[in-house]
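Thanks for coming, everyone. I have one structure to walk through today. Let me put it on the screen.

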Amino acid sequence: MSARDQQFIFRLDQCLNTKKSFASSCRQCIQLCPQGAINEKKEVTPSKCTDCGVCMAVCPSDGFVDRAINELQEHIFDADPMVLNCPAAQPEGYEINCIGMLDRDAWSTLMLLSAQKEVRIITGDCAACQDVKACAIGVETLKDLLSHWPLPNSMTIDILPWDEKTPQASSAKKAPSQSSQSHNKHSPNPTSRHKPSLGERREKKKLTDIGKERLRSILPSVIDEEPHTIPLTRTWLLEALSQVPDQKIPFPTLKISDHCTTCAICVRICPQHALTQHTCEAPEDNEIAQAARLEAAESSAADVTAPTDVTAPADVTAPADVTAPADVIAPADVIVPVDATASADVIVPVDATAPADVIVPVDVTASANVIVPVDVTVVSLIYQAARCSHCQRCIKVCGPKAITMETIELDSRFLQGKILIHEQTARFCTSCSRRIYHKLNPCLCVDCAKEDPKLKGVLY
Ligand code: SF4
Ligand code: SF4
Ligand code: SF4
């Protein structure tokens, strides 16, 4: 088999290691390929590869992708009933290579769709299949999802091994399930009438590839695909979830504790641009800023040497890329905790109709209610769950171990929106006003602390 015949192709531009290099690079595909067919350069040995698709399922970033992914997506969303079968099962639906190619987002999509239409998956005799290990990986992913899923699952999985001589006899060995009966009731069913086999789809895909290559040689900019940030199966999930706006799904989500020093290393290491940091002067109604202003007022009364303006010049010490892109402060899709009484680990969405200035900085000195004329800089960390590939790089690099990942229930707005996961006031050296990234006292930068030998071992 030549490399061109493989169903799952490697896209270097999509690999997390290409998007952003990292000391502990991703090796999921290499480690989890059941056949050991992928080497360190992500080259696939065709004689070992069985096209099970686990490389696509375990890749957090579409580094490996099914050549026919668009056709599979079309079938999943358009077919009613939606039936998938593996090559070793009765060919009653759209043939996928193995259920090992389904990742968590794909399973979540199927479960959501199963509330609206019959969703049925037919497997062969997995124990006798060469891809039994791949199948087990898919099953484990589904089991983990089901352990968090709050609703009864209406998706059915049948085992109907393919019997080439007497396919109907083999099928008849199993009493028809409820889903099979309802399947027969659906008529006409244009999708189930046309069931191209895997071989037919590969041939068709080969012709398409040849056509694309010819077109690419003439008009490269027309045909080249842009690398994308939201994984393909995540877009399926977003689509399925948008059809049921009130439905919540279990989704692994970042949480940040008060140990955060706002160093923004997590922002810079994220290969998916799923984290951004936003720094601004605090709006006067910001509770964190109000507390900081009170504290500043008390300390300025007690210590006349304390600076009255703790805001350092924006470009003095802040890392170059910690400022969030302009669209982060776009009000319509920013999600912020609006209820101060909400528990710390519950993320509350802002109403889309919330005032436009929710996180837009205002001039605090203009308000008569400000206790002291002290500017307070608030730093916010904003998370876009839809982009997160759950690679855990941010967790690994966070010095104070402030980041954890927990599975919580999210609805469509949270999954598609921007979530404020952390907010605190910035700290500045009380001697030179430089921004500092520690929570120790006294509030000095290392250079200023070095002037006091007593602080050796404390701050430097
Ligand atoms: S699993 Fe995906 S992101 Fe990770 S190394 Fe393989 S191709 Fe790259
Ligand atoms: S969560 Fe950790 S890495 Fe991210 S800004 Fe806070 S301290 Fe830095
Ligand atoms: S786990 Fe962290 S580093 Fe990885 S994509 Fe998600 S936010 Fe980015």
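First, a working definition: a residue is buried if 20 or more other C-beta atoms lie within 10 Å of its own, exposed if 12 or fewer, and partly exposed in between, with C-beta atoms placed from the backbone. This is a predicted model, where local features need pLDDT of at least 70, side-chain atom pairs count only at pLDDT 80 or more, and totals for chains, interfaces and linings use all residues. Residues are numbered from 1 along each chain as its sequence is written, and chains are lettered from A and ligands numbered from 1 in the order in which they are written.

Now the overview. The protein has 17 helices and 14 strands. Helices (H or I, at least four residues) and strands (E, at least two) are DSSP runs, numbered from the N terminus. Of the 460 residues, 37% are buried. Take contacts between residues at least 6 apart in sequence: 77% of them join residues at least 24 apart. Contact here puts two C-beta atoms, placed from the backbone, within 7 Å.

On to helix α12, residues 232-242. Which of its residues are buried? They are Leu232, Thr233, Arg234, Trp236, Leu237, Ala240 and Leu241. Their cover includes β2 (64-66), α4, α5, β7 and α16 (412-416).

Next, α5, residues 104-113. This helix is mostly covered, with 9 of its 10 residues buried. Those buried residues pack against α4 (69-78), β3 (82-85), β5 (119-123), α6 (132-148), α12 and β7 (249-256).

How do α5 and α12 pack? The angle is about 20°, and the axes are 8 Å apart. That makes the two helices, α5 and α12, roughly parallel. Axes are lines fitted to C-alpha atoms, for helices over the stretch in contact, and angles run from 0 to 180 degrees between N-to-C directions. Under 35 degrees counts as roughly parallel, over 145 as roughly antiparallel, 65 to 115 as roughly perpendicular, and the rest as oblique. The α5 and α12 crossing is left-handed. Left-handed means the near helix is turned anticlockwise from the far one by less than a right angle; right-handed means clockwise.

In this contact, Asp105, Ala106, Ser108, Thr109, Leu112 and Leu113 of α5 meet Thr233, Arg234, Trp236, Leu237, Ala240 and Leu241 of α12. By class, that contact has 7 nonpolar, 3 polar and 2 charged residues. Nonpolar covers Ala, Val, Leu, Ile, Met, Phe, Trp, Tyr, Cys and Pro; charged covers Asp, Glu, Lys and Arg; the others, Gly among them, are polar.

Now α5 with α6. They pack at about 60°, with axes 9 Å apart. That makes α5 oblique to α6. The crossing is right-handed. Arg104, Trp107 and Ser108 in α5 meet Thr141, Leu142 and Leu145 in α6.

Last, the ligands. A residue is near one if its C-beta atom, placed from the backbone, lies within 6 Å of it. Ligand 1 has 14 residues around it, the closest being Cys15, Cys26, Cys29, Cys59 and Gly63. Helices α1 (16-19) and α2 (28-32) each supply at least two residues of that shell. Around ligand 2, the shell has 10 nonpolar, 2 polar and no charged residues. Among them are Cys260, Cys263, Cys266 and Cys398. Ligand 3 has 13 residues around it; Cys270, Cys388, Cys391, Arg393 and Cys394 come nearest.
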